[in-house]
Amino acid sequence: MPNMTPSRVPVIRALVTGTPPHPTPQAEIREAARTLFPRLAARPQLMDVFDNAQIDTRALARPLAWYLQPRSFGEKNAVFIEEARALIRRLGAEALAQAQIAPAEVDAVVVVTTSGLSTPSLDADLIGFLGINPHAARLPVWGLGCAGGAAGLARAADLVRAGFRRVLYVAVELCSLTLVKGDESKSNFVGTALFSDGGAALVITAPDVPGPPPLAALCGAYSTLIEHSEDIMGWDVVDDGLKVRFSRDIPTLVRGMMRENVQGALAAHGWSRDSVSRFVVHPGGVKVLAAYEDSLSLPAGALDASRRVLRDFGNMSSVTVLFVLAETLRDRPAGRAVLSAMGPGFSAEHVLLEFPGE
């Protein structure tokens, strides 16, 4: 793929993040798990997953007590639509204001989610509520899971390259609603110890659009789909909703493929490993982060932003890597970076960034 000339490289003008209004300590969720999973809770080594996750707090779409009762797929999905709409309305408005762009100027909207269903898609409500140009291109993206935050960023940049000069990109996940009460599979149990809720909104523009200084340039992207890997991660659709499916072998997979995969992403855009100063990584869990560090030979502290987001917010699927990007931007970084996430498929997504620094 040829390098983009500087005049055509899309830039991030705004990035805001947020969560539903129910922050909940991990210790309280751990105790609730004794009610949700009495048989598994009787095994101390399984309960250790709540401590080993290294999460302090997670935000939930509903108060914790709500999850202790059985809920149908329809009931959970109605909550998803209500809370997802409320969250992205707020975040989308904040991002446009931060980017100094009027809603009527937006000419494309990208919405990424995986944890609930909505037809019309969430972008239709967002366009109407914010007063976005009704002729804006719409790109709802569903089903990419944890990889969706990176993939959505890449697709938003592609739209700018295609001529859509002001793109609003929103990701929202309410993973807590995928809890299946009474299902004592290990995947459902571990998901209860990891998953949480949140959203992010970004404004991506052509570089010559007036506005605040860019936060980062989007220099390219790279996708990889691994054949015959559908069973590694995803949802099983059951009567009670979306039941999580993931493999304990994900860290092993990261160790085995990530070095070569990142090298392929860099080579495709004429970058070298030595030119990259930061990695912005989706924290699927502490073992996944350790696998990234091993595979990429990263120095101590290189993924501290990912660990802080995991500690303070848990795993919000697609949204999480965008929280890590926001955390990284607090340091006003300079130089090249790779933003990475993996998800159902099984797939890897990388976005090449360049930070302006001070």
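Me: Why does C146 count as buried?
Reply: Buried means under 20% relative accessible area, exposed over 50%, and partly exposed in between, with a 1.4 Å probe and protein chains only. C146 has 8% relative accessibility, which is under 20%, so the residue counts as buried. The model is predicted: local features need pLDDT of at least 70, side-chain atom pairs count only at pLDDT 80 or more, and totals for chains, interfaces and linings use all residues. Residues are numbered from 1 along each chain as its sequence is written, and side-chain values use heavy atoms, with hydrogens and water left out.

Me: How many disulfides does the rule give?
Reply: A disulfide is a pair of cysteine sulfur atoms within 2.5 Å, and by this rule the count is zero. C146 is in no disulfide, its nearest cysteine sulfur being that of C175 at 7.1 Å.

Me: Why does C175 count as buried?
Reply: C175 has 3% relative accessibility, so this cysteine counts as buried.

Me: Why does Q54 count as partly exposed?
Reply: Q54 has 46% relative accessibility, so it counts as partly exposed. Q54 lies in the loop between α3 (44-52) and β3 (57-59). Q54 also has a positive phi, about 55 degrees, although it is not a glycine.

Me: Is E293 buried or exposed, and why?
Reply: E293 has 17% relative accessibility, which is under 20%, so this residue counts as buried. E293 belongs to helix α9. Apart from its neighbours within four places in sequence, E293 is in contact (heavy atoms within 4.5 Å) with L298, L303 and R307.

Me: Which elements do the buried residues of α9 pack against?
Reply: They pack against α8 (250-268), β11 (276-281), α10 (304-313) and β12 (334-343). Helix α9 spans residues 286-296, and its buried residues include V288, L289, Y292 and L296.

Me: What is the peptide bond between T119 and P120?
Reply: The bond is cis, with omega about 10 degrees. P120 lies in the loop between β4 (108-113) and α5 (122-130). Another cis peptide bond runs from G345 to F346, with omega near -10 degrees. F346 lies in the loop between β12 and β13 (347-356).

Me: Why does the radius of gyration of the chain agree with that of a compact globule?
Reply: The radius is taken over C-alpha atoms, and the globule rule is 2.2 Å times the number of residues to the power 0.38. For 358 residues a compact globule would have a radius near 21 Å, and the chain has 20 Å, so the two agree. The C-alpha atoms fill a box of roughly 60 × 45 × 35 Å along the principal axes. Of the 358 residues, 56% are buried.

Notes. Helices (H or I, at least four residues) and strands (E, at least two) are DSSP runs, numbered from the N terminus.
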